[in-house]
Structures are given as C-alpha cells and as structure tokens.
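Trainee: I have a list of labels for this structure and want to know what stands behind each one. Can we go through them?

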Amino acid sequence: MFFDYYYLVLVVPTLILSIIAQILVKSTFSKYSQIRCSKNITGRDAALLLMKSNAISDVAIEPVRGSLTDHYDPGAKKLRLSEPVYAQPSIAAVGVAAHETGHAIQHARGYGPLILRSTLVPVANLGSSLGPWLAIAGIFFSFPFLIDIGLVLFGAAVIFYIITLPVEFNASARALAILRGNNVLTQEELSGVRKVLTAAALTYVASALTAIMSFLRLFLLSRSRRR
C-alpha cells in the first residue's frame, strides 16, 4: 500500500495555513467593514483619490458582484470593486480599494514584477491545472519524459505565485503611503487598513507556500520513482 509521506509532511501544513489565512482575512474584513471612516469616503472615493494623486485618468472604476472579488484588470484598464467595497464608507472598503488601485498605479508606472506576472498568466493557468496531473501520471506509469513536462509546467505556475508576492506587497505599500500622505485617514484608521491588508497578504503567502511545497513533493516523488 502506497502512503504519500511527502504530502502529509510538506503540503498538509500549508493547506492548514491557507485555511487559517482565509478565516483571518474574512474576519478582519468583516470587523473593519463595520467601522465607518471619519471622512465618510467610500471605496470608490478612495480609488479616485489615489488615481488623481498619481495622474491616472484612463482607468474606469466599476462595481462587481460578490464579496472580496475586487481586482484590477490591466488589459481592460478597469478597477472592479466588490459591492461591500464600492459604495461603502468603511475602513475595510477604503483599504481594499486602495490596494487594488495600487495595482493600477503599478501598471501606469510599468512596474516590472506586475508586467512579468501578467505575461505568465496563460502559462501559469495551464501549469497549475495540467502540470501536477502530468507529473503524477508520469510517476505512476514510470514515464520520465511525462514527469519532466509536468514539472516544467507546474514550475511555471510556482514562479507565478512567487512573483505575486512582491506585486501584492508593493501595491499595499503604495496604497498606505498615499493614504497617509494625503491625510485621508486618521492614524487609528490607517492601523485598521494595515490589518486588513496584512490579513490579505497572508493568503498570498499561504498560496505561494502551498505551490512551492506541492512542487517539491512531486519532485521528490519523481526522484524516488527513478531510483
């Protein structure tokens, strides 16, 4: 009977971290969604202010359904804010909107890691969905060539997850700096925004660790099979 020791030791802890990160980001967002900004600005207002501060006038802001579905689309040059963010004057709404606007600023400034990440999206999507299965099939049927293809494809996805970290951290740093510099929020409110963004950052760290450990597991399994 085969027991996947590598999965238990390498992957399971990162999956547990991912669950904790998701719970933390939802609870933190929920908490600060209930606290109104002293200046009564919504997520949309915050996004407009940040873009104006950076002389960005060609990015549209539009609402999107769902919760925590906020994102910046560089191809369409659209900043899409979820319903709890777009029109709500809460600390959480301002923080999330500012972070996503940080990506629009990165795009306008030609931020290298963002450009690289955008370039890798098609390969990363293919690698994350197909790569592990090809590697597992190669290991099971003892096809070294199939293993190598799977690892290369999945490796591209892992690189995407790693590159995502500086992109997300930088977007939050830009957002906080502009909010602080324009006196949009009080120090206490900025502290709340920082907690929301830190919780969100943990989800990206957990995802990157899961991808890295999953790749390492497949690599070690392939080495065991080839011996």
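**Labels and the values behind them**

Mentor: Start with a helix pair: Val94, Ala98, His99, Gly102, His103, Ile105, Gln106 and Arg109 in H4 meet Val167, Glu168, Asn170, Ala171, Ser172, Arg174, Ala175, Ile178 and Leu179 in H6. Keep in mind that this is a predicted model.

Trainee: What makes H4 and H6 roughly perpendicular to each other?

Mentor: Their axes cross at roughly 110 degrees and come within 7 Å. The range for roughly perpendicular is 65 to 115 degrees, and therefore H4 and H6 get that label.

Trainee: How do the residues of the contact of H4 with H6 divide?

Mentor: Into eight nonpolar, six polar and three charged residues. Arg109 in H4 is in this contact, and Arg counts as charged. Gly102 in H4 is also there, and Gly counts as polar.

Trainee: Why is H1 called oblique to H4?

Mentor: Helix H1 (residues 5-33) and helix H4 (residues 91-109) pack at an angle of about 120 degrees, and their axes are 6 Å apart. The perpendicular range ends at 115 and the antiparallel one starts over 145, so H1 is oblique to H4.

Trainee: Which residues in H1 and H4 meet?

Mentor: Phe29, Tyr32 and Ser33 on the H1 side meet Ile91, Ala92 and Val96 on the H4 side. By class, five residues of this contact are nonpolar, one is polar and none is charged.

Trainee: Which elements does the chain have, and in what order do the elements run?

Mentor: There are seven helices and three strands. Read from the N terminus, they run α-α-β-β-β-α-α-α-α-α. The C-alpha atoms fill a box of roughly 65 × 35 × 30 Å along the principal axes.

Trainee: How much of the chain is made up of buried residues?

Mentor: Buried residues are 44% of the 227 residues. To be counted, a residue needs under 20% relative accessible area.

Trainee: Which residues in the largest nonpolar core touch the most other members?

Mentor: Leu79, Val85, Val94, Leu179, Leu185 and Val193, out of 34 residues in that core. At least two core residues each come from H1, helix H2 (43-53), strand E3 (78-82), H4, helix H6 (144-181) and helix H7 (187-226). H4 gives the most, with nine residues. A second, separate core has eight residues, among them Ile139, Leu151, Leu218 and Leu221.

Trainee: What does valine 85 touch, not counting residues up to four places away in sequence?

Mentor: Valine 85 touches Phe29, Thr42, Gly43, Arg44, Asp70, Ala93, Val96 and Ala97.

Trainee: Why is serine 90 counted as buried?

Mentor: The relative accessibility of serine 90 is 4%. The cut-off for buried is under 20%, so serine 90 counts as buried. Serine 90 is in the loop between helix H3 (83-86) and H4. Apart from neighbours within four places in sequence, serine 90 is in contact with Tyr32, Ser33, Ile35, Arg36, Cys37 and Ile41. Isoleucine 41 is 49 residues away from serine 90 along the chain, yet their C-alpha atoms are separated by 7.6 Å.

Trainee: Why does alanine 87 count as partly exposed?

Mentor: Alanine 87 has 45% relative accessibility. Like serine 90, alanine 87 sits in the loop between H3 and H4. Alanine 87 and aspartate 45 are 42 residues apart in sequence, with 8.4 Å from C-alpha to C-alpha.

Trainee: What is noted about the phi of asparagine 40?

Mentor: Asparagine 40 has a positive phi of about 60 degrees, although it is not a glycine. The residue lies in the loop between H1 and H2. At 40% relative accessibility, asparagine 40 is partly exposed.

Trainee: And what is noted about the phi of leucine 68?

Mentor: Leucine 68 is not a glycine either, and its phi is positive, about 60 degrees. Leucine 68 is in the loop between strand E1 (60-64) and strand E2 (71-73).

Key:
Residues numbered from 1 in each chain as written. Predicted model: local features only at pLDDT ≥ 70, side-chain atom pairs only at ≥ 80, totals over all residues. Heavy atoms only, no water. Axes fitted to C-alpha atoms, helices over the stretch in contact; angles between N-to-C directions. Helix = DSSP H or I, 4+ residues; strand = E, 2+ residues; numbered from the N terminus. Parallel < 35°, antiparallel > 145°, perpendicular 65-115°, else oblique. Contact = heavy atoms within 4.5 Å. Buried < 20%, exposed > 50% of the residue type's maximum accessible area, 1.4 Å probe, protein only. Core = buried A, V, L, I, M, F, W, Y, C linked by side-chain atoms within 4.5 Å.
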